[in-house]
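Hi everyone, thanks for coming.

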Amino acid sequence: STLRCPVMPPSLQCVAMRVPTVLLSLLLALSLLSPWGSAAGSCPLRCVCASNLLSCSQANLSAVPAPLPRFTAVLDLSHNNVTRLRADWAPARLPHLHALLLSHNGLAFVSTEAFAHVPRLRHLDLSSNRLRTLDENLFSDLGELEVLLLYNNEISTVDRTAFENLGRLRKLYLGQNRIARFPLELLREGTRLPQLALLDLSANRLRAVPAGELQALPAWLRDRLYLHNNPLSCDCLLFQLLDRGRRRHLSAVEDFQDELRCFPPGATALVKILELAGKPPLNCSKAREAVLEAHLGDSVTLGCDSRWQGVRSRHWVTPGGERVLGDGGNGSVVLLANGSLQLRALRPEDAGTYSCWVAGPLLNETLYVELLVHNFTLHGPHDTLNTAYTTLVGCILSVVLVLIYLYLTPCRCCCCRGTEKPPAPRDDSINSSVLSTTPNHAGGTGEPCASHVATSAGTGQNGRFKGRGTPPLPTRQGPKAQRKVSDPDSVSSVFSDTPIVV
């Protein structure tokens, strides 16, 4: 029946009697909209709930509490006794979960299907547990994972597919484990972990690292590789890799100089890697900034290998102080889209030290590239072959001329025509030179050739001055008396300073 107020007009109802019913309905609606309302499940026992955060740390749990609210974004299960993470720990899909903390649990087993229901996970902390192996495709369901903490475990074996499909992983912490082999498959070619920017391998059992291949890695990864507290073998390439990082003030090197140690060849005591410069038995030389050699007329590209990702801006400064900005330089200096500087048609004045100024997301960085320009052009292999061929032909012609000089002497008595004197004997042919610019015999009319021998100082072959002249001929005596003393400069005329034109 309808209640009426006794003192009010009959047309008005008693609204005051209906107010509690309206308030009750409003409270019920608010409870349904609340994250921890009965529609989504209550906050698990021994856990603290705040908004979309669920903290069950230090709750003495041996299993993951169930059921978990679907809207949980951060789940903290650290400092418990969850030793096994099975595939059914999250029976329902948790589409909003982006951070899962499981450190300090004594965790020894993780199912390969444990992360099938948390595909949006970006931060996973499995540190300070008892994991020994990283099995095949263990994290392949976490395509959006960015940070993975696995330090302070007992990991000794890493399957090469354990990190498959982690295309967005930026930071991987594997320190304080038992890894004895460098997991180069994580870095090679940048295909498995293309966005990896930090790799911590400190305090493991690494004895050797491929320093040559690490030097070829992108700077943002190479300069954030932590290798301290490993029993490494001393190597000059490793020294130069770390020495370069020290000069660039990288925290991975500068903050752990005392912990970066190695075993010298034949030694049993560790020494500091950064103190190997110039010391036996390795006598390593210090690393230098990039040095590039080129030749006149070449085109070269200077790389700006910055360690920062997400660079906001960069520009180059030439040795002459000219700034090359993003819109490019003049016709011979161009700034490319990837930040490299291209120099075309090199000139001698292009040599010097170029600096690349990089504005990173947190700090700025300056890199230096020294360019050496040789003052000659470098030809291709076909030009080298032509040069060798020309040299060979010149040598052959020189030999031919020497043979002509020795065996095919021209007539010695061209100046004695019309006389009755017999021609000079063949033994006198050595006095002539086919390459001499001054004849050995002076011309004359009616005079025998032998009577015109110079006895005073004058110019000799090729315009050379003869201070002593040609000595007089000895008196003929017997059959052997026809020999004459040869001109001492005639033989050397073949190799005189008169150029041989080929």
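Let's start with Arg-132, which is exposed, with a relative accessible area of 55%. For that word, buried means under 20% relative accessible area, exposed over 50%, and partly exposed in between, using a 1.4 Å probe and protein chains only. What we have here is a predicted model, where local features need pLDDT of at least 70 and side-chain atom pairs count only at pLDDT 80 or more, while totals for chains, interfaces and linings use all residues. Residues are numbered from 1 along each chain as its sequence is written, and side-chain values use heavy atoms, leaving out hydrogens and water.

So which residue forms a salt bridge with Arg-132? The partner is Glu-154, and the closest N and O atoms are 3.2 Å apart. By salt bridge I mean a side-chain nitrogen of Lys or Arg within 4 Å of a carboxyl oxygen of Asp or Glu. Glu-154 sits in the loop between strands S9 (147–149) and S10 (157–158), and Arg-132 in the loop between strands S7 (123–125) and S8 (133–134), so this pair ties together parts that are 22 residues apart in sequence. Helices (H or I, at least four residues) and strands (E, at least two) are DSSP runs, numbered from the N terminus.

Next, Glu-146 and Arg-170 form a salt bridge, with 3.7 Å between the closest N and O atoms. Because Glu-146 is in the loop between S8 and S9 and Arg-170 in the loop between S10 and strand S11 (171–173), they tie together parts 24 residues apart in sequence. Glu-146 is partly exposed at 25% relative accessible area, and Arg-170 is partly exposed at 32%.

Now let's move to a helix. In H4 (residues 236–247), Asp-243 and Arg-246 lie three residues apart, about one turn of the helix. Their side chains meet in a salt bridge of 2.7 Å, N to O. Is Asp-243 buried or exposed? Asp-243 is buried, with a relative accessible area of 2%, whereas Arg-246 counts as partly exposed at 22%. Arg-247 joins these two in a network of salt bridges. Overall, the count comes to eight salt bridges.

Last stop: helix H6 (residues 381–407), where we find Ile-396. Ile-396 is partly exposed, with a relative accessible area of 48%.
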